[in-house]
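Open the model in your viewer and keep the selection tool ready. This tour goes stop by stop.

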Amino acid sequence: MGMLKKNPFGHYLYLKKWLIRIFGVLSHRRYRGFNELRIEGSEIIKNLPDNNVLFVSNHQTYFADVTAMFHVFNAALSGRVDSIKNVGYLWQPKLNIYYVAAKETMNSGLLTRIMAYAGAVSVERTWREKGKEVQREVNPNDHKNIGMALEDGWVITFPQGTTKPFKPIRKGTAHIIKQYKPIVIPIVIDGFRRSFDKKGLRVRKKGILQSFQIKEPLVIDYDNETIEEIVEKLEYAIEQHPSFLKVIPQEELEVMEALNKTRQWEY
């Protein structure tokens, strides 16, 4: 690879490779050491095409979730099924993996700006900014950039747009799916909210079993299914449909909400 080769967003791939290696080494023990990551279904990863794949997942922390995905995807591509043993799989990482993140979050500090270079597709929230409710039109460049990332490779998105559980799926994800017709892979995670602070940068508690389940691609009729039907399909796939609340004890929900209130960003 030439040192001056860039991706469609103008990022130098050589620099991106080293950022993924460095962050991967620094974060590896968070999933295999301090805590344990239990992975299911990663054999699916190796059979996916090189581009136009959209991963949709529930969201528990700002950065620990997506970092785990970089580990799992690259480990699977190197032949490690359901395992991230031996961080050597990051020596030649897949460089066309992107993740959708709020522009406000990625511009909040030097560290997040550096992390953004590793693959963030920054978008403007249409419903919230600086902790306040807002109403703004969707920026058409945001959809265009996500489409550009899909054309180049794989994109990770958290369609609820928040780390709070059982919040509605944002319709923008369904519009992306209908427009660009990607292969859609659902992921369901758990344990990250208990392991890390809200940022996902600091380990809060050790000895937590984190779960990471990769499901089969969704069957979607891109031309005939409505936005609402796709949204509902996503809610069930990432286990965030309101019906799942009926099988979660109220005591557990109260504990989850209490944990959310104790996690604050510290600048």
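Select Asp190 and then Ser211: Ser211, in strand 9, is the bridge partner of Asp190. Helices (H or I, at least four residues) and strands (E, at least two) are DSSP runs, numbered from the N terminus. The model is predicted: local features need pLDDT of at least 70, side-chain atom pairs count only at pLDDT 80 or more, and totals for chains, interfaces and linings use all residues. Residues are numbered from 1 along each chain as its sequence is written, and side-chain values use heavy atoms, with hydrogens and water left out.

Now show strand 9 (residues 209-214) with strand 8. Four bridges join them, and they run antiparallel. Two strands pair if DSSP finds at least two bridges between them.

Pick Val56; its bridge partner in strand 8 is Pro186.

Is strand 8 largely enclosed or open? Color residues 183-190. Six of these eight residues are buried, so strand 8 is largely enclosed by the rest of the structure. Buried means under 20% relative accessible area, exposed over 50%, and partly exposed in between (1.4 Å probe, protein chains only).

Move on to Glu216. Find it in the loop between strand 9 and helix 8 (227-237). Glu216 counts as exposed because its relative accessibility is 56%.

Last stop: Gly79. Look in the loop between helix 2 (64-77) and strand 3 (97-102). Gly79 has 43% relative accessibility, so it counts as partly exposed. Then select Tyr89, ten residues from Gly79 along the chain: their C-alpha atoms are separated by 8.9 Å.
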